[in-house]
Amino acid sequence: MTEKVKLMNKMQTVDMRHAIKNGNRFYTDSNNKNWNDLVEKGYATKRPGWDVESAYYIPTTEGKQALEDGDSND
């Protein structure tokens, strides 16, 4: 398992896979702890949602690669 994948918790990997399957985006609260952590790690970007309490999170190429690397190590 790569170091990058170790930095993601189970919920983060589930949410990242969900985002990739659904148009490469995930819509949720802008203060979502797991997604904001992924943004800090460079695995996702954050875009404004319909209001200040919501945001779109978009997996980055690095985040997708970390998931792919993790899948190959299962």
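Modeller: Let's begin with Thr60, which sits in the loop between β3 and α4. Before we go on: this is a predicted model, where local features need pLDDT of at least 70 and side-chain atom pairs count only at pLDDT 80 or more, while totals for chains, interfaces and linings use all residues. Residues are numbered from 1 along each chain as its sequence is written, and side-chain values use heavy atoms, with hydrogens and water left out.

Colleague: Why is Thr60 called buried?
Modeller: Buried means under 20% relative accessible area, exposed means over 50%, and partly exposed is in between (1.4 Å probe, protein chains only). Thr60 has a relative accessible area of 18%, so it counts as buried. Leaving out residues up to four places away in sequence, Thr60 touches Gly42, Tyr43, Ala44 and Thr45, where a contact is a pair of heavy atoms within 4.5 Å.

Colleague: Which residues of α2 are buried, and how do you know how they are placed around the axis?
Modeller: They are Gln12, Thr13, Asp15, Met16 and Ala19. They cover an arc of only 165° around the axis, so they lie on the same side of α2; the arc is taken from the directions from the helix axis to the C-beta atoms. Lys10 and Lys21 are exposed on the other side of α2. The background is simple: an α-helix has 3.6 residues a turn, so residues three or four places apart point the same way.

Colleague: What do you find at the two ends of α2?
Modeller: At the start, a side-chain oxygen of Asn9 comes within 3.0 Å of the backbone nitrogen of Met11. A polar contact is a pair of N or O atoms within 3.5 Å; within protein, one must be able to donate a hydrogen and the other to accept it, and residues adjacent in sequence count only if both atoms are side-chain atoms. After α2 comes Gly23, with a positive phi near 75°.

Colleague: And where do the buried residues of α3 sit?
Modeller: Trp35, Asn36 and Leu38 are the buried ones. Their arc is only 155° around the axis, so they share the same side of α3. They pack against α2, β1 (26–29), β2 (44–48) and β3, while Lys33 and Glu40 are exposed on the other side. At the start of α3, a side-chain oxygen of Asn32 is within 3.1 Å of the backbone nitrogen of Asn34, and α3 is followed by Gly42, whose phi is positive, near 85°.

Colleague: Why do you call Lys41 and Asp37 a salt bridge?
Modeller: The rule asks for a side-chain nitrogen of Lys or Arg within 4 Å of a carboxyl oxygen of Asp or Glu. In this pair the closest N and O atoms are 2.6 Å apart, so it qualifies. The count by this rule is 1 salt bridge. Both residues lie in helix α3 (residues 33–41), 4 residues apart, about one turn of the helix. Lys41 is partly exposed at 26%, and Asp37 is partly exposed at 25%.

Colleague: What makes a set of residues a nonpolar core, and which residues are in the largest?
Modeller: It takes buried Ala, Val, Leu, Ile, Met, Phe, Trp, Tyr and Cys residues joined through side-chain atoms within 4.5 Å. The largest has 12 residues, among them Met8, Met16, Phe26, Trp35 and Leu67. Two or more residues come from each of α2 (10–21), α3, β3 (54–59) and α4 (61–72).
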